[in-house]
Amino acid sequence: MRKIRLGRRIARAIDLPEEALSDEPCVKINGPDYAVIYRHCGIYECIPERICMWTRLGDICVNGSNLKILSITDDMAHISGLISSVELNYTGTKG
């Protein structure tokens, strides 16, 4: 617990966002045509109208048209296309 508190103090001191230290999923949306999903656990659906990923808290689905994954790593995915909505189906458990 002490390491986390110290890490948060350091993050605040150097202007890092607090979510940088979190292990919870995060979705950043840049306009209507680009999103980044951080800390996903894998993809289970990828069609032009919907991209869904497991996370440790449930699943995240990006809905829209012409959706595609531009790049993906073990825990981050860049999605482009016309985004109409993002859903979090919270289960509270590792997905």
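I started with strand β2 (residues 34–38), which is joined to strand β6 (residues 76–90) by 5 bridges, the two running antiparallel. Strands here are DSSP runs (E, at least two residues; helices are H or I, at least four), numbered from the N terminus. I count two strands as paired if DSSP finds at least two bridges between them. Within this pair, I37 stands opposite A77 in β6.

Housekeeping before going on: this is a predicted model, so I keep in mind that local features need pLDDT of at least 70 and side-chain atom pairs count only at pLDDT 80 or more, while totals for chains, interfaces and linings use all residues. Residues are numbered from 1 along each chain as its sequence is written, and side-chain values use heavy atoms, with hydrogens and water left out.

Next I looked up the whole sheet. It is open, has 6 strands in the order β1-β2-β6-β5-β4-β3, and pairs antiparallel. At the edges I find β1 (26–29) and β3 (42–47), each pairing on one side only. The twist averages 25 degrees from one strand to the next, with axes being lines fitted to C-alpha atoms (for helices over the stretch in contact) and angles running from 0 to 180 degrees between N-to-C directions.

R39 isn't a glycine, yet has a positive phi of about 60 degrees; I located R39 in the loop between β2 and β3. N66, also not a glycine, has a positive phi of about 55 degrees, and N66 is in strand β5 (residues 58–72).

Is N66 buried or exposed? N66 counts as exposed because its relative accessibility is 60%; the cut-offs are under 20% relative accessible area for buried, over 50% for exposed and partly exposed in between (1.4 Å probe, protein chains only).
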